[in-house]
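Take a look at the structure shown here. The report below walks through it part by part.

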Amino acid sequence: MTTLSPKVFIKTLGCAMNERDSEHLFAELREKEGYERTDRAEEADLILINTCSVRERPVAKLFSELGAFNLIRKERAKIGVCGCTASALGEKIFARAPYVDFVLGARNVSKITEAIKNSRSVFTGTGYDESEFAFAEGRFNKYRALINISIGCDKQCAYCIVPATRGKEISIPSKLILNEAKKAVESGAVEVVLLGQNVNSYGSRFSSPHKKIDFPELLEEISQIDGLKRIRFQSPHPLHIDDRFLRVFADNPKICKHIHIPLQSGSTKILRAMRRGYTKEWYLDRALKVREMVKDATISTDIIVGFPGEREEDFEESLDVMRQVKFEQLFSFKFSPRELTAAALMGDRVEDKTASKRLWRIHSLYKKQLNEAMDAQIGKEFDVFLELADDRKTLYGKSHNFYSFRIFNGAKEGEFVKVRAVGIKNGALIGEAVEQTR
Ligand code: 5AD
Ligand code: SF4
């Protein structure tokens with residue numbers, strides 16, 4: 001039987017919050033307008049690109065992708081640009097890509113059904129009301145539920161466009177978060193990922209009076225949900241990593257022992273220029289405390305090289321932090337000046353060649369450290385949750401502390417298994433199933 005439902009193709013670039021926004025976009029379209037999802041842009045009636053604008057490169061990519069979609073789209077198919085880039089560029093997008101039908105900012109997901117009906121509509125406001133948290137139900141991953149716990153960001157890091165695109169930080173009432181987590185578990189999720197620009201400042205501001213709890217309390221409450229096996233979160237801010245939070249992180253067995261602590265720079269001078277609010281010593285104290293309290297924890301980080309004013313000796317401080325913390329995962333970026341940010345106007349720029357060299361040095365130290373960390377896992381046993389890879393044949397999974405595994409023997413999708421790490425291939429550990437665990 002042929003179906004008459006309109007089809008939407010969604011391309012998501014960027015962070016987990018964008019992924020969650022895409023789930024919300026689709027859920028709204030399905031519930032209110034009867035859309036189905038397709039993974040073939042050429043058969044879609046609506047093409048959405050939900051993208052990030054934190055650095056220039058994803059923005060450039062957006063315009064090349066838009067051009068490609070314009071060529072293959074069905075006659076009369078609409079194209080909408082959503083997410084942070086939509087917020088940052090607004091109607092300027094029409095000038096560069098005149099075939100775009102509408103622009104929907106990161107804080108305007110709830111307006112999607114309006115946007116598709118109004119040609120050339122632009123929604124980029126950063127105000128809020130509680131209807132913004134109440135979306136139709138919908139998830140792309142049946143085991144892992146992404147849940148926003150706050151939206152926006154109150155920090156003013158000098159390089160960062162997020163406060164301009166996603167607006168002020170508002171915490172979502174804990175009752176809604178708990179309900180969402182319970183519902184997700186009832187429909188098969190084993191893991192929740194709590195999302196916010198600064199998860200550990202949860203509870204600082206609500207849009208209306210609500211029961212006030214902070215992040216450690218929220219974690220404890222969520223962990224009471226029967227049937228929920230794993231809790232992850234991203235990302236905490238180094239400044240708000242206090243001992244009480246670390247105690248809960250260490251002691252609560254449902255909380256996965258992986259933490260992303262964005263460093264940005266190891267130099268206190270640069271951290272001050274970036275307005276990060278902490279020093280190198282504070283960062284080291286917190287990261288090393290994690291190491292001390294949770295022996296099997298893994299720590300990931302973000303580092304920016306070539307921030308204005310970064311001298312060789314400042315850069316060396318970033319390497320020094322890497323040597324002391326030995327991150328298991330590291331994302332490094334060349335500073336990219338963004339319109340609407342304080343750093344875009346700063347002088348004392350670092351030459352591109354120098355920044356590239358620094359990025360390369362970060363990469364090579366990280367590669368060496370990662371190899372050592374992975375080698376040290378061989379022979380150890382891990383609890384891994386198994387999922388089917390995109391090829392629909394191989395099984396992959398993450399350990400509770402976020403190591404990626406490929407599994408080839410005696411295990412099934414959707415199960416926790418105890419595996420022994422027996423080798424390394426393409427950046428993942430190879431695991432041999434020892435027994436099913438839960
Ligand atoms: N230039 C380079 N990197 C940036 N990030 C954010 N803004 C910029 C920028 N203007 C990086 C930070 C952040 C990560 C998501 O992206 O490291 O933690
Ligand atoms: Fe951007 Fe800083 Fe807020 Fe993170 S904390 S989103 S880097 S402004």
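The sections that follow go from the domains to helices, ligands, cysteines and backbone details.

## Model and domains

This is a predicted model. Its chain is split into domain 1 (7-123), domain 2 (141-256), domain 3 (258-376) and domain 4 (381-436). Take domain 1 and domain 4. Their centres, worked out over C-alpha atoms, are separated by 34 Å.

Start with helix H1, residues 16-33. H1 has 18 residues. From its first C-alpha to its last, H1 reaches 25 Å, close to the 26 Å expected at 1.5 Å a residue. Gly 34 follows H1, and its phi is positive, near 70 degrees.

Now try helix H13, residues 352-375. H13 has 24 residues, so at 1.5 Å a residue it should span 34 Å. Its end C-alpha atoms are 34 Å apart, which agrees. Which residues of H13 are buried? They are Ala 355, Arg 358, Leu 359, Ile 362, Leu 365, Tyr 366, Gln 369, Ala 373 and Met 374.

Helix H2 covers residues 56-72, and Leu 66 lies in it. Leu 66 has 0% relative accessibility, so it counts as buried. Compare its position with that of Ile 47. In sequence, Leu 66 and Ile 47 are 19 residues apart. In space, their C-alpha atoms are 9.5 Å apart.

## Around ligand 1

The residues around ligand 1 include Val 54, Arg 55, Tyr 159, Gln 264, Asp 302 and Ile 304. Phe 333, Lys 334, Phe 335, Ser 336 and Arg 338 are also around ligand 1.

Some atom pairs can be named. A polar side-chain atom of Arg 55 lies 2.8 Å from an oxygen atom of ligand 1. For Gln 264, a polar side-chain atom lies 2.7 Å from an oxygen atom of ligand 1. Tyr 159 uses its backbone: an N or O atom there lies 3.0 Å from a nitrogen atom of ligand 1.

## A histidine and its contacts

The side chains of His 260 and Asp 302 are joined by a polar contact of 3.2 Å. The His 260 side chain makes a polar contact with the side chain of Ser 300 as well, at 2.8 Å.

His 260 is in strand E12, residues 258-260. Is His 260 buried or exposed? Its relative accessibility is 9%, so it counts as buried.

## Around ligand 2

Ligand 2 has its own set of residues. Among them are Cys 153, Lys 155, Cys 157, Tyr 159, Cys 160, Val 162 and Pro 163.

A disulfide is a covalent bond between the sulfur atoms of two cysteines. This structure holds zero disulfides. Cys 256 is in no disulfide, and its nearest cysteine sulfur, that of Cys 15, is 19 Å away.

Next, check accessibility. Cys 256 has a value of 3%, so it counts as buried. Cys 160 has 21%, so it counts as partly exposed. Buried means under 20%.

## Backbone exceptions

Most residues other than glycine have a negative phi, and most peptide bonds are trans. Here are some exceptions. The peptide bond from Gln 234 to Ser 235 is cis, with omega near -5 degrees. Ser 235 lies in the loop between strand E11 (230-234) and helix H9 (243-251).

Arg 275 is not a glycine, yet its phi is positive, near 60 degrees. Arg 275 sits in the loop between helix H10 (268-274) and helix H11 (280-293). Its relative accessibility is 46%, so Arg 275 counts as partly exposed. Asp 348 also has a positive phi, of about 55 degrees. The loop between strand E14 (329-334) and H13 holds Asp 348. At 44% relative accessibility, Asp 348 counts as partly exposed.

Definitions and conventions:
Residues numbered from 1 in each chain as written. Chains lettered and ligands numbered in written order. Predicted model: local features only at pLDDT ≥ 70, side-chain atom pairs only at ≥ 80, totals over all residues. Heavy atoms only, no water. Domains from an automatic or database assignment. Helix = DSSP H or I, 4+ residues; strand = E, 2+ residues; numbered from the N terminus. Expected span 1.5 Å × (residues − 1). Buried < 20%, exposed > 50% of the residue type's maximum accessible area, 1.4 Å probe, protein only. Near = heavy atom within 4 Å. Disulfide = S-S within 2.5 Å. Polar contact = N/O pair within 3.5 Å; in protein donor to acceptor, adjacent residues only side chain to side chain.
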